[in-house]
Amino acid sequence: MALRTVLVSDVPSLPESVYGLSEGLELSKPTSFRLPGFSVIGHRGIGMNVLQSSDRRTRGVKENSILSFNSAAKYPIDFIEFDVQVTKDDCPVIFHDDFIYSEENGIVNETRVTDLSLSEFLLYGPQKETEKIGKTLMRKSKEGKVLKWDVDLDDSLCTLQEAFEQVEQTLGFNIELKFDDQTVYEREFLVHVLRSVLQVVSNYAKDRPVIFSSFQPDAAKLVRELQSTYPVFFLTDAGNEIHNDERRNSLEEAIQVCLEGGLQGIVSEVKGVFRNPAAISKIKESNLSLLTYGKLNNVGEAVYMQYVMGIDGVIVDFVEEIIESTTLMMIRPPPSSSPLPSPSKDDDVAITRPEFSQKEISFLLKLLSQLIQH
């Protein structure tokens, strides 16, 4: 059916029963939320896959899989980020791309993930039952080539419920709610999809920290309307790509979306922050948290600069390398096995940001701005 855009702000608030949330969905009372210091967050688990890259790290473990999530859990990180879509029979599954590809008899087939049932979705790639053979899983590159999805350590596709059940319980989930950039959505459709996700979270999250995020501004604002237990962040390209929806094109617009919708934070492409560092103070003054994503977050020095600037966390692909480099650069308390004296209980053992003058920070920001132009 044809879908049309309806801005959440243009629709009066409706009672909970209209959303269909009054039955079977029990969310606890709102809880306070604060990111645990400077957070390193695993992108799609231990890192996204880039099939044509010469860097083997981008083809090590299948992204958005239970194996990838638990691989990331071996490192001292607080959250992993992953992508959730909802199948046509209302099951939230974990998959990034809008379309899924397979090859049969030399013919490549393309199917929208949300047009599949759960059983159809799970037929792609390795199967949980070793005696079964799944459909060949392929992926379209940015250049438009459809390639076999080969990685060193493969794993089956999974659901959101399985992630809650099988991933290390202390690891937080940053759940990105995925919607097609090329499609406009009616409010009622968004409510239906978000309710399916919230039901699984309600049933299985228990005490696990959860953050919701989305590039779709109406979905981000609506998931905040539908629940007040978990924080909601708005994702933005911050001007690195231009969209028809103006709310997606700048950090200033992102701040406005958050303030209008009562959201808790912004997740920005890191170049957008480096090009517009003045926005950081505006975000902080608005009582919002700020996370970043992007290729520059795989560079230790760029991550450290964000730490100095007061950004709350980074979403990275090279979890092990970034954890190691940031640990060396940041001042941390000695581990219990260290020969150095342990701090007393009264000592402040939080990470201490180094002191930089405003002139030094301005110079570093100017240098970064020049570097990212190339």
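**Entry 1: the pocket lining**

I looked up which element gives the largest share of the lining of the second largest pocket, and α5 does, with 5 residues. Helices (H or I, at least four residues) and strands (E, at least two) are DSSP runs, numbered from the N terminus. On a 1 Å grid over the protein atoms alone, a pocket is an open set of points where a 1.4 Å probe fits, with protein on both sides within 12 Å along at least five of seven lines; lining residues have an atom within 4 Å of a point.

I noted that the model is predicted: local features need pLDDT of at least 70 and side-chain atom pairs count only at pLDDT 80 or more, while totals for chains, interfaces and linings use all residues. Residues are numbered from 1 along each chain as its sequence is written, and side-chain values use heavy atoms, with hydrogens and water left out.

I found about 460 Å³ of space in this second largest pocket, where a volume is the space filled by probe spheres set on grid points joined across faces, edges and corners. Of its 23 lining residues, Val86, Thr114, Tyr185, Phe189 and Val193 are the closest to the centre. The elements that give two or more residues to the lining are β2 (79-86) and α5.

**Entry 2: strand β9**

I checked β9 (residues 172-177) and found 6 of its 6 residues buried, that is, under 20% relative accessible area with a 1.4 Å probe, protein chains only; exposed is over 50% and partly exposed lies in between. Gly172, Asn174 and Glu176 are on one side, and Phe173, Ile175 and Leu177 on the other.

β9 pairs with β2 in the parallel sense over 6 bridges; a pair needs at least two bridges found by DSSP. β9 also pairs in the parallel sense with β10 (residues 210-214), over 4 bridges. Asn174 stands opposite Glu81 and also opposite Ile211 in β10.

**Entry 3: the cores**

I looked up the largest nonpolar core and found 72 residues; Ile175 and Phe212 are among those with the most contacts inside it. Such a core is a set of buried Ala, Val, Leu, Ile, Met, Phe, Trp, Tyr and Cys residues joined through side-chain atoms within 4.5 Å. Helix α5 (residues 187-204) gives the largest share of this core, 8 residues.

A second, separate core has 13 residues, including Leu51 and Ile100.

**Entry 4: Leu123**

I found Leu123 in the loop between α3 (118-121) and β6 (138-140). Leu123 is partly exposed, because its relative accessible area is 40%.
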